[in-house]
Amino acid sequence: MATKSEILKEALLIASEALRELELSEASLTSIALKASRIARITGDFDMQQIMLFEAGGYPSEPTGVQPEIWSLAVKAKRVAKEKKEEKINEYAILKSIEQLESENQAAKERLRSAVDPNISISSSNPNQFISPVVGNGIERTKTISSISETAKMIGQRRAYIYQYLSDVYYELRYSSITEDSFSRIRSVVDINIANLTPNAVKKFTAIYDNLDSDNTEDWANAVHSCRRVLQDLADVLYPSRADITKNIGGKDRIESLAQMRI
C-alpha cells in the first residue's frame with residue numbers, strides 16, 4: 001500500500017504533466033479534465049473530483065431540472081449563467097460536457113463554410129422586368145457566427161477553470177513536498193543522535209511513523225504515547241538518576257528530587 005508521501009508525489013507528477021499538456025495543447029481538454037479528477041481523488045477533494053468528471057461527461061439533470069447537489073457543483077465550477085426575460089433575471093446551468101461543446105463548435109464552423117453565398121448573376125433581356133436580388137445566407141451566417149463565439153467563450157472558460165485548479169494544486173503540492181523534504185532532513189539528524197543515545201528508540205520511531213501514516217485516530221494516539229516513552233528514555237540518559245539535592249531557599253532547606261528538576 002502506497003504511503004501518503006508517495007500518493008502526494010504521484011499527484012504532483014500528474015499535475016505537472018497535465019499543466020504541460022494544457023499549455024502546449026498536447027492533449028484534449030477532456031483528457032486533461034479526467035487527469036484533474038484523478039488528482040482531486042488522490043488529494044481527497046471529492047467535490048472537485050466530481051466536477052472534473054462532469055466537465056468530461058456532462059452534468060446530469062432530471063425532467064424536473066437540476067438537483068440541488070448538482071446545482072451546487074455547477075455554481076462552484078462557474079457553470080451558471082444568467083439571462084433576462086420580461087424584466088426578470090433567470091439563472092440556468094450549462095450542462096454540456098467539454099467534448100460536446102467542442103463538437104458543436106466544430107459543426108458550427110462547418111455550417112459557416114457551407115453558408116457562403118454562391119456567385120450568381122441574374123439578368124433579363126426585358127428592360128421593363130424587375131429582378132429581385134438573390135436571397136443570400138446572411139442571416140444564417142450571423143446566427144452561426146454568434147453561436148461559434150458563445151461556444152468558444154464557454155470552452156475558453158472551461159480551459160481557464162481547469163488550468164487554475166491544476167496550477168493551484170501544483171504549487172500547493174510543490175510547497176508541501178519542499179516542506180516535507182526539509183523536515184525529513186532535520187528528522188534524519190535528530191533520529192541519528194537519539195539512536196546513538198537510546199538505541200531502542202529506533203524501533204519505537206518506526207512504530208510512531210507507521211501510526212502517524214494511518215487514517216485511524218487510535219493509531220495517532222498510540223504514536224503520541226510512543227513519543228512520550230522515547231522522551232522519557234532520552235531524559236533518563238541525559239539526566240541519570242542521582243541523589244536528591246538539598247537547597248536553602250529563604251532560610252529553609254528544600255529537597256529537590258530529579259523528577260522535580262526535570263519539571
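## Aromatic pairs in a predicted model

A search of the whole structure turns up two aromatic pairs. The model is predicted. A pair of aromatic rings is described by the distance of the centres and the angle of the planes.

Take F54 and Y59. Their ring centres lie 5.1 Å apart and their planes meet at 50°, so this pair is tilted. F54 is buried, with a relative accessible area of 11%. Y59 is buried too, at 5%.

Now Y170 and Y171. Here the ring centres are 5.3 Å apart and the planes stand at 75°, so the pair counts as edge-to-face. Y170 is buried, at 17% relative accessible area. Y171 is exposed, at 57%.

| Pair | Centre distance | Plane angle | Class |
|---|---|---|---|
| F54 and Y59 | 5.1 Å | 50° | tilted |
| Y170 and Y171 | 5.3 Å | 75° | edge-to-face |

The charged end of R158 sits over the ring of Y161, 5.2 Å from the ring centre.

Next, the chain as a whole. It holds nine helices and four strands. In sequence order, the pattern runs α-α-α-α-β-β-α-α-α-α-β-β-α. The chain has 263 residues, and 26% of them count as buried. Contacts between residues at least 6 apart in sequence show how the chain is linked: 53% of them join residues at least 24 apart. The accessible surface of the chain is about 18,300 Å². Carbon and sulfur atoms account for 54% of that surface.

Methods: Residues are numbered from 1 along each chain as its sequence is written. This is a predicted model: local features need pLDDT of at least 70, side-chain atom pairs count only at pLDDT 80 or more; totals for chains, interfaces and linings use all residues. Side-chain values use heavy atoms; hydrogens and water are left out. Rings of Phe, Tyr and Trp (its six-membered ring) pair if their centres lie within 6.5 Å; planes under 30 degrees apart count as stacked, over 60 as edge-to-face and the rest as tilted. Buried means under 20% relative accessible area, exposed over 50%, partly exposed in between (1.4 Å probe, protein chains only). A charge sits over a ring if NZ of Lys or CZ of Arg is within 6 Å of the ring centre and within 35 degrees of the ring normal. Helices (H or I, at least four residues) and strands (E, at least two) are DSSP runs, numbered from the N terminus. Contact means heavy atoms within 4.5 Å. Accessible areas come from the Shrake-Rupley method with a 1.4 Å probe; for residues, only the protein chains shown count as cover.
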